[in-house]
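Colleague: I am new to this structure and would like to know what stands behind the labels. Please show me the model, and then I will ask.

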Amino acid sequence: MTNHWIDIQHSDCILIQGSNAAENHPISFKWVMRAKDKVATVIHVDPRFTRTSARCSLYAPLRSGTDIAFLGGMINYIIENDKFFKDYVVNYTNAPLLVDEGFGFKDGLFSGFDPKKRKYDKKTWAYQKNADGTFKRDKSLKDEHCVFQLLKKHYSRYDMKTVSAVTGTPVEDLKKVYEAFSATGRPDK
């Protein structure tokens, strides 16, 4: 988090994952509660039901060490259901940039892995460039080599059923959390 705790009171949705903020940061947590008083959805994702869980709008239990699967499922849900602010993604992120055509991911390894050295040669990880040295872009986000499509492909394996099996979080709870969090992906949010 790079902004001040006080800014949290203006949030529409707050996701607290792996933290018992109500007990460990009580002074700062008051700003979370102010946001909730203004109708913000406050979500707690944690293996333990704590004082934070009790104060939140939604609580989603998960197995310890499965946070990445949980977040991977959220990324997949947001992309698959078109719940992101496309103009922002196209104009203010690296999503439309085209990555080298040799870039890939197979059997858990990215392209360029040397098993003897156990290191990566990252040449294929670079962005494609135009003749004038600027980066090539696909503002439609449809080119298979753009960062957005590579991200989409990478996280496509994190479907609700798989994420539920890995995390132990019921599919219904995943959907509630993903839907509440992704509601902030609209231009007016």
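Modeller: His44 touches Ile16, Ser19, Thr50, Thr52, Ser53, Cys56, Leu58, Tyr59 and Ala60, leaving aside residues up to four places away in sequence. Contact here means heavy atoms within 4.5 Å. This is a predicted model, where local features need pLDDT of at least 70 and side-chain atom pairs count only at pLDDT 80 or more, while totals for chains, interfaces and linings use all residues. Residues are numbered from 1 along each chain as its sequence is written, and side-chain values use heavy atoms, with hydrogens and water left out.

Colleague: Why is His44 called buried?

Modeller: Buried means under 20% relative accessible area, exposed over 50%, and partly exposed in between (1.4 Å probe, protein chains only). His44 has 0% relative accessibility, so His44 counts as buried. His44 lies in strand β2, residues 41–45. Strands (E, at least two residues) and helices (H or I, at least four) are DSSP runs, numbered from the N terminus.

Colleague: What makes Asp107 exposed, and where is Asp107 found?

Modeller: Asp107 has 70% relative accessibility and therefore counts as exposed. Asp107 is in the loop between β4 (105–106) and β5 (109–110).

Colleague: Is Leu141 buried or exposed?

Modeller: Leu141 counts as buried because its relative accessibility is 3%. Leu141 is in the loop between β7 and α6.

Colleague: What is said about phi at Asp107 and at Leu141?

Modeller: Most residues other than glycine have a negative phi. Asp107 is not a glycine, yet has a positive phi of about 55 degrees. Leu141, also not a glycine, has a positive phi of about 60 degrees.

Colleague: Which residues touch the most other members of the largest nonpolar core?

Modeller: They are Ile43, Phe70, Phe148, Val177 and Tyr178, in a core of 27 residues. Helix α4 (67–80) is one of the elements that each supply at least two residues of this core, and α4 gives the most, with six. A nonpolar core is a set of buried Ala, Val, Leu, Ile, Met, Phe, Trp, Tyr and Cys residues joined through side-chain atoms within 4.5 Å.

Colleague: What does Ile43 touch?

Modeller: Leaving aside residues up to four places away in sequence, the contacts of Ile43 include Cys56, Leu58, Val177 and Phe181. A second, separate core has 13 residues, among them Ile8, Phe29, Trp31 and Val32.

Colleague: Why does Tyr120 count as partly exposed?

Modeller: Tyr120 has 30% relative accessibility, and therefore counts as partly exposed. Tyr120 lies in strand β7, residues 119–120.
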